[in-house]
Amino acid sequence: MSTLVPHWHAGARWPGLGPEPERYADVHDPATGATTGRVALASGAEVDEVVAAAVVAGREWAQASLSRRTSVLFAFREGLHRRREEVAAVITAEHGKVLDDALGEVQRGLEVAEFACGAPHLLKGGFSEGVSGGVDVHSMRQALGVVAVISPFNFPAMVPLWFVPVAIACGNAVVLKPSEKDPSTSLLLAEIWAEAGLPDGVLSVVQGDKVAVDALLTHDDVKAVSFVGSTPVARYVYETATAHGKRVQALGGAKNHMVVLPDADLEAAADAAVSAGFGSAGERCMAISALVCVDPVADRLVPLIAERMAGLVTGDGRRGSDMGPLVSATHRDKVASYVDAGASEGATVVVDGREVHPDGDQGGFWLGPTLLDHVETTMTVYTDEIFGPVLSVLRVPTYDAALELVNANPYGNGTAIFTHDGGAARRFQHEVEVGMVGVNVPIPVPMAYYSFGGWKSSLFGDSHAHGTEGVHFFTRGKVVTSRWPTPDLPRPGIDLGFPQ
Ligand code: NAD
């Protein structure tokens, strides 16, 4: 019987209500294809059990002083930093991304924990003395109670860390539902929180699938939901959870365009396109999947990119490869079928990842970096989010045509422009309908103290993740107006109108 990946409940690993889970899913090592474990899939009753404990723990945690909360956050930051290589190894073993990239993901998450260490400052309210005779007003932000975080497979550490430290710093209890494809990282994170002194029940992990998600979305005691995943599920989560009275931020899928103008440094643009297209095998919501070349850029840029791709090693992420496998056999086959479709719809396959010779076990879920040229906006390789190592080149005659193409796309997560023309870059950042914009930066992920989020079909809800928007999302504002009698102030007396 393979190793069980359990839940985390009441400060410890928990198999669920019975000695063995009733339902489970297999967990794989994508670099070998081997089944390495099975993850418990929670029932509705198990979600209820965990949420009930979170309600009790959250009530107490909301009363914990800011210095107590901050000391736990600092200790968590230290623990995560100390154990970062262990966390990265677990990510690589279940997700497949190369170790360096996994370490980078932990680092990005760590930065959110560092941001959350500033909770005493972030939660300060305002005070106005003497808004009227003897009347003062102050504001405060208070915890929501129990909040749910539902995360995707592609960042098993970073995405939970976008939310969990901020929610905890704000005095909430969190129930995390990680992806069932790479569930073990969440347990390691929970263990580090426990070692940091976080009281039992303030963070729980419920492993599971749609059953667990639905139980969280409809639970009366869950007050807010932070979701990250594909657009159809993000839309469903937003609609279901808001219909049940919850505050929701649901971050969805993406199709990120990199626009290259003729005056750009094409060597730098080629480096950027390769890094942003094939890092993490393209399984990043900020990966560049569409390269929009303004004429005559493509004729020069495509060969530069192909030349660089020839030097990339696809293989086991533990062996120093540049790019790892895809997360599952099904996903690999789906991505490969998009390459087939692109070729039959008329795109030119410049570099064909279907012919990859990986540095790794033959059973791994391999697909090499792929470059398609002469892609049209009607082809499925362009219309769909592929989420794999496939870079499509689209050719347009002008800057205006490039902008129109980017803005016509239903997604609006990230985009970039490569140019030496400051005026064009300034126009682009103003005119483009996308939430995160890079100027000569291919993956413009905001720092932890800014907020992360896309526009249009890339985000349902109003709040972006982390930064001050995260603090707002995880708290409710309250404004108090007070009058204290003093000897020099007359009693206001009766007045049925608004004060003037
Ligand atoms: P996914 O939508 O399949 O799964 C996300 C989460 O939802 C998982 O926890 C999963 O268990 C759960 N889920 C899946 N199907 C469900 C259903 N029908 N009902 C309820 N819950 C369900 O996404 P994924 O494949 O794990 O992750 C990749 C996707 O996430 C890509 O589309 C990518 O662009 C997106 N993503 C977006 C961002 C962002 O910031 N916008 C960041 C990372 C990933």
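**Reading helix pairs and local features**

Modeller: In this predicted model, the axes of helix α10 (residues 266-278) and helix α11 (residues 297-309) cross at roughly 50 degrees and come within 9 Å. Axes are lines fitted to C-alpha atoms over the stretch in contact, with angles from 0 to 180 degrees between N-to-C directions; helices (H or I, at least four residues) and strands (E, at least two) are DSSP runs, numbered from the N terminus. Helix α10 is therefore oblique to α11, since angles under 35 degrees count as roughly parallel, over 145 as roughly antiparallel, 65 to 115 as roughly perpendicular and the rest as oblique. Local features need pLDDT of at least 70, and side-chain atom pairs count only at pLDDT 80 or more, whereas totals for chains, interfaces and linings use all residues. Residues are numbered from 1 along each chain as its sequence is written.

Colleague: Which residues of α10 and α11 make the contact?

Modeller: Helix α10 contributes L266, E267, A269, A270, D271, A273 and V274, and α11 contributes R300, L301, L304, I305, R308 and M309; contact requires C-beta atoms, placed from the backbone, within 7 Å. By class, this contact has nine nonpolar, no polar and four charged residues (Ala, Val, Leu, Ile, Met, Phe, Trp, Tyr, Cys and Pro are nonpolar, Asp, Glu, Lys and Arg charged, and the others, Gly among them, polar).

Colleague: At what angle do helices α2 and α4 pack?

Modeller: Two packed helices are described by the angle between their axes and the distance between the axes. For α2 (residues 66-82) and α4 (residues 99-116), the angle is about 165 degrees and the axes are 9 Å apart. That angle makes α2 roughly antiparallel to α4. Their contact involves L73, F76, R77, L80 and H81 of α2 together with V106, L110, A113, E114 and A116 of α4. These residues comprise seven nonpolar, one polar and two charged.

Colleague: Where does the cis peptide bond occur?

Modeller: It joins D295 and P296, with omega about 5 degrees. P296 belongs to the loop between β14 (288-294) and α11. As for backbone phi, A10 has a positive value near 55 degrees, in a residue other than glycine. A10 sits in the loop between β2 (7-9) and β3 (12-14).

Colleague: How many residues surround the ligand?

Modeller: There are 28, the closest being P152, G229, S230, G253 and C285; a residue is near a molecule if its C-beta atom, placed from the backbone, lies within 6 Å of it. Helices α8 (210-217) and α9 (231-243) are the elements that give two or more residues to this shell. The shell divides into 13 nonpolar, 10 polar and five charged residues.

Note on methods:
Two residues are in contact if their C-beta atoms, placed from the backbone, lie within 7 Å.
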